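Thank you all for coming. I would like to walk through one model today, moving from the overall fold to the ligand and then to a few individual residues.

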Amino acid sequence: MRFNPFGPLQQLLTAPRFLVLCLLFSVSALLMGCSEGTYPVDIFTEMHYNESYKSQEPNRLDGPPDAVPVSMPKPTATGEELFIINCSMCHGFTGTGDGNVLSTMITKYKYTPKVDPDLTSDMVKNLPDVAILALISNGITVMPRFDKLLTEEEQLLILQYVRELQ
Ligand code: HEC
């Protein structure tokens, strides 16, 4: 019999134990993916939603005993900040649909938007609030759904900001 250099690899790939491991891995990836985020399988969630800055900081020395304690109100994001983080990469900072990501999709990947992504157009001006909120929650073709990423309050803040841009 001729020597088959791929023999051991073939044996490994068809070994039942290996197949079971692959299956377990896929199932756990799927389960992790179902927990949060935008995409059906979302193992790495968007970084700007991770509150990793605290856990990654090393412990610190205590402040000097005579230091003046400062307490600051917890910052809440404004509609503008939420729009910049979640929407501006496609709809642009002024909402006219000229964000970098969408421009690249259109010029480089020949994507044709199904409706006009200009949020200041008469079309969107005339859309009732509920319709825009539904678009934010459910997404539309390439626009991701935000129902699992933003609370209802945050979606309302964004809606208000979109109305300001118009
Ligand atoms: C990945 C890019 C992308 C992101 C991010 C995105 N959108 Fe969109 N959006 C689009 C595109 C493209 C369309 C046009 C429909 C299509 O082709 O998908 C659209 C359509 C819309 C429409 C309907 C416009 C019309 O003319 O009826 C609204 C409203 C909208 N987006 C709001 C938002 C808001 C608010 C956010 C942020 C929470 C957001 N979008 C995030 C790409 C995006």
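In what order do the elements of the protein run from the N terminus on? They run α-α-α-α-α-α-α-α-α, and the protein has nine helices and zero strands, where helices (H or I, at least four residues) and strands (E, at least two) are DSSP runs, numbered from the N terminus.

Before going further, two points about how to read this. This is a predicted model, so local features need pLDDT of at least 70 and side-chain atom pairs count only at pLDDT 80 or more, while totals for chains, interfaces and linings use all residues. Residues are numbered from 1 along each chain as its sequence is written.

Let me turn to the protein as a whole. Buried residues make up 11% of the 166 residues in the protein; a residue is buried if 20 or more other C-beta atoms lie within 10 Å of its own, exposed if 12 or fewer, and partly exposed in between, with C-beta atoms placed from the backbone. Of the contacts in the protein with a separation of 6 or more, 50% are accounted for by residues 24 or more positions apart, two residues being in contact if their C-beta atoms, placed from the backbone, lie within 7 Å.

Now the ligand. There are 27 residues around the ligand, and among these Cys87, Cys90, Pro113, Thr141 and Met143 come nearest; a residue is near a molecule or strand if its C-beta atom, placed from the backbone, lies within 6 Å of it. At least two residues of this shell are supplied by each of α5 (88-91), α6 (100-107), α7 (122-125), α8 (129-138) and α9 (152-165). By class, the shell divides into 21 nonpolar, four polar and two charged residues, where Ala, Val, Leu, Ile, Met, Phe, Trp, Tyr, Cys and Pro count as nonpolar, Asp, Glu, Lys and Arg as charged, and the others, Gly among them, as polar.

Next, the helix packing. Two packed helices are described by the angle between their axes and the distance between the axes. The axes are lines fitted to C-alpha atoms, for helices over the stretch in contact, and angles run from 0 to 180 degrees between N-to-C directions.

The axes of helix α4 (residues 79-86) and α9 come within 8 Å and cross at roughly 95 degrees. That makes α4 roughly perpendicular to α9, given that angles under 35 degrees count as roughly parallel, over 145 as roughly antiparallel, 65 to 115 as roughly perpendicular and the rest as oblique. On the α4 side the contact is made by Gly79, Glu80, Leu82 and Phe83, and on the α9 side by Glu154, Leu157, Ile158, Gln160 and Tyr161. The residues of this contact of α4 with α9 divide into five nonpolar, two polar and two charged.

How are α8 and α9 arranged, and at what angle do they pack? Their axes are 10 Å apart and the angle is about 120 degrees, which makes α8 oblique to α9.

Finally, some individual residues. Serine 88 lies in helix α5 and counts as partly exposed because it has 17 C-beta neighbours inside 10 Å. Leaving aside its neighbours within four places in sequence, serine 88 is in contact with Phe83, Phe93 and Gly99, and the C-alpha atoms of serine 88 and glycine 99, eleven residues apart along the chain, are separated by 5.9 Å.

In the loop between α8 and α9 we find threonine 141, whose phi is near 35 degrees, a positive value in a residue other than glycine. Is threonine 141 buried or exposed? Threonine 141 counts as exposed, because it has 8 C-beta neighbours inside 10 Å.
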